[in-house]
Amino acid sequence: MTGGEGEMRHAKPFFLWRHLNKLRWVSLSVVFAMLVLLPYLHVYQTYVAAHAYDLLAPSEQRVYDIMEALTQPFIGDPAEDLDAVKGNTWSATFWGLKLSDPLAALGQMAAGMTFYWPFLFTALIPIGLSVVFGRFFCGWICPATFIYELNSNLVSWLRWAGLKVGNRRFDKRLKYGVLAAGLLLSAATGSVLVAAIYPPAIIGREIYYMIGIGGFGAGTMFFLGTLLFDLLVARRGFCRYLCPGGALYSLLGRYRLLRIRRIVETCNDCAKCNAVCEFDLDPLRDGFGQECNNCTACIAVCPTDALAFTIRITDYPAQGPGHLGRQYRGKAAAGGKTVAGQEDAA
Amino acid sequence: MERRGALRRLIAYAALLAASALPYGVSTMLAPGRAAAKRNYLRPPGALKDDAAFVSACIGCGLCGEVCPPRCIRFHTRDGGLKVNTPYIDPEQAGCILCDKCMEACPTEALTVIPRDEIDMGIAEIDQSACYPWVDKGICGACVSICPLGGKAISFKMWNQYRPIIKDGCVGCGLCVEVCPHPSVPIWVVERSPKISPRV
């Protein structure tokens, strides 16, 4: 009877949590696709505004036709109605609602040494969401994450092919230094320099430059450099150790409400969660910390459904080895009755 | 032994990095030299007057460019130095049509919404030693007919129907620069200053 109750209490977590990782990939893909689509829509708008269809080159006419076919069912006047959704993850407009990255607000404050409230308000919603969901931007929205995770997969392929790839570890607090240095440099130069080393801002901008204007800026070279760093030096190294935005989101999400916890009763110590964690966290020993981005990769990979969401402002203290693991069962066999008695009491 | 291996790996990685930068370096070296002495670019309408303040207020999100119907707003990139990612208008490529969309789109105070009369991107200036009608090489009037502000900004000189003159109402949108047919573009937008008073 008591055992049954215990099992009821540790019933399987809500089945959807296991599939959130797929939803996350959908989210990342949609964001990235929008970043590519929006510049094309803008180009289409400029053709419409200029009434220039007959003057366009064949390739431009193809862009015009495709974009017209895509948007025709949803809008009336492309020149005006397509202005509803504009921008990138650094700063965007949705039907008049302006949203900005908290790092943009902070960087601009540092560069200008002024408070411009209308702009700071645009960062309020992202800040609020980060306080509740932690570093979720990094896992669910960031267009750089989309490429970095594909890059991580490439690393696995290369390793499988026998090539040497780097997996060095540094101090994760390095990125707070990068954030501080970026803000100080912004303040010293009077230019928002953090935007130049922040991959999501770079990607949004550079895609627009490539499609809307032609050519690309220094950001593309920088981003390719970070990809090489991830490939050759440290797995997912930029996000883990260097990203200033990630540092800011980590600080904001330190006491996040929604976090992942390990259910010690069903954990079997297989350590797949640690292996899959892109941020080098330690779910196996309840070490999520402020850097967890709730990406749910560990939930998806857990063979015994021992990871679930919970609402708490701190992590569970270390719960010891999983109860289905060899270590715990070995101890239970050695300790005999005492551990079994504890189990009953629990 | 271990250290030697690490050193060799380091050299290999450095070589890989250098090799990956090679195409970029070669393409830069092979590219034709930059055009000499660029003329000054314009900031989009509604920009803060003080350019240093503008640079520190702009976060480089590119929204102003992304709503611009004539796609006249470009961005400083590698050439920009500290102005990197801030917007500019090169009137020779495309002039501003004063549609106000960029001012409304900008999330920061870099571009603030102001009425059309108060926009001040500069003021046009005509080189009277090159402009076709001014040197009696024919009739033109392209700049006058394209001007979105009508007679307030540019008009013909009295007694000579085709010599354009700039008036005080010019906001510096640069459309006249875009349409000017003369190869040396004798009309250009310069900074408005007490020295450059409208010639009537």
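Modeller: Domain bounds come from an automatic or database domain assignment. This is a predicted model. For chain A, the assignment gives domain 1 (88–255) and domain 2 (257–345). Their centres, taken over C-alpha atoms, are separated by 30 Å.

Biologist: What makes residues of domain 1 of chain A and domain 2 of chain A count as part of the contact?

Modeller: Two residues are in contact if their C-beta atoms, placed from the backbone, lie within 7 Å. The contact takes 18 residues from domain 1 of chain A and 13 residues from domain 2 of chain A. On the domain 1 side, H8(A) gives the largest share, three residues. By class, that side of domain 1 of chain A has six nonpolar, five polar and seven charged residues.

Biologist: How do you know in what orientation H5(A) and H14(A) cross?

Modeller: Their axes come within 9 Å and cross at roughly 105 degrees. Angles of 65 to 115 degrees count as roughly perpendicular, and therefore H5(A) is roughly perpendicular to H14(A).

Biologist: Which residues of H5(A) and H14(A) meet there?

Modeller: Pro102(A), Leu103(A) and Leu106(A) in H5(A) meet Pro244(A), Gly245(A), Leu248(A) and Leu252(A) in H14(A).

Biologist: How many residues link chain A with chain B?

Modeller: In chain A, 39 residues are in contact with 33 residues of chain B. The chain A side has 18 nonpolar, 17 polar and four charged residues.

Methods
Residues numbered from 1 in each chain as written. Chains lettered and ligands numbered in written order. Predicted model: local features only at pLDDT ≥ 70, side-chain atom pairs only at ≥ 80, totals over all residues. Nonpolar A, V, L, I, M, F, W, Y, C, P; charged D, E, K, R; others polar. Helix = DSSP H or I, 4+ residues; strand = E, 2+ residues; numbered from the N terminus. Axes fitted to C-alpha atoms, helices over the stretch in contact; angles between N-to-C directions. Parallel < 35°, antiparallel > 145°, perpendicular 65-115°, else oblique.
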